[in-house]
Amino acid sequence: MAATDHYVLRDGNHVHHMKITKVGDEVTLSTDVDYEPGADDQGKHACSADVSGEAKAVSATELVMKKQIPSEAHYCTLTVKLSNDGANIQQSEECKYFAAGQCHFDSNGKELIKVK
């Protein structure tokens with residue numbers, strides 16, 4: 001059995017997208033974020049970032065994905081808490097390797113809305 005769920009959050013000038021794909025017992029998570037500075041964002045630069053990999057189900061409502069930083073012993077860890085209508089993402093400090101500047105995978109307590 002296979003299923004894919006999409007989640008989206010627009011927070012000011014940030015657009016955040018996440019896709020969770022389940023095929024049998026395998027879960028793949030991919031997320032991307034885009035930021036385009038507006039008129040009030042003097043000195044800030046546009047950015048785009050993405051990361052994907054295999055995720056582990058910690059519980060029925062929580063996934064954890066660890067993505068190794070190339071040539072390093074460090075990992076970017078994303079913890080995703082799912083609800084019926086959305087998802088909340090927390091990122092580890094090491095995720096700044098993949099998303100720098102204004103871009104970040106952390107949803108800052110805001111929920112990405114599940115696309116139905």
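Modeller: Gly86 stands opposite Ile113 in strand 8. Keep in mind that this is a predicted model, where local features need pLDDT of at least 70, side-chain atom pairs count only at pLDDT 80 or more, and totals for chains, interfaces and linings use all residues. Residues are numbered from 1 along each chain as its sequence is written, and side-chain values use heavy atoms, with hydrogens and water left out.

Biologist: Why are strand 7 and strand 8 called paired?

Modeller: Pairing takes at least two bridges found by DSSP. Residues 86-91 and 112-114 are joined by two bridges, so they count as an antiparallel pair.

Biologist: What order do the strands of the barrel follow?

Modeller: The closed barrel of eight strands runs 1-2-3-4-5-6-7-8, with antiparallel pairing. Neighbouring strands are turned by 25° against each other on average, direction ignored.

Biologist: What makes the 27 residues a nonpolar core?

Modeller: The term covers buried (under 20% relative accessible area, 1.4 Å probe, protein chains only) Ala, Val, Leu, Ile, Met, Phe, Trp, Tyr and Cys residues joined through side-chain atoms within 4.5 Å. The largest such set has 27 residues, and Phe105 is among those touching the most other members. Strand 4 (47-59) is one of the elements giving two or more residues to this core.

Key:
Helix = DSSP H or I, 4+ residues; strand = E, 2+ residues; numbered from the N terminus. Axes fitted to C-alpha atoms, helices over the stretch in contact; angles between N-to-C directions. Buried < 20%, exposed > 50% of the residue type's maximum accessible area, 1.4 Å probe, protein only.
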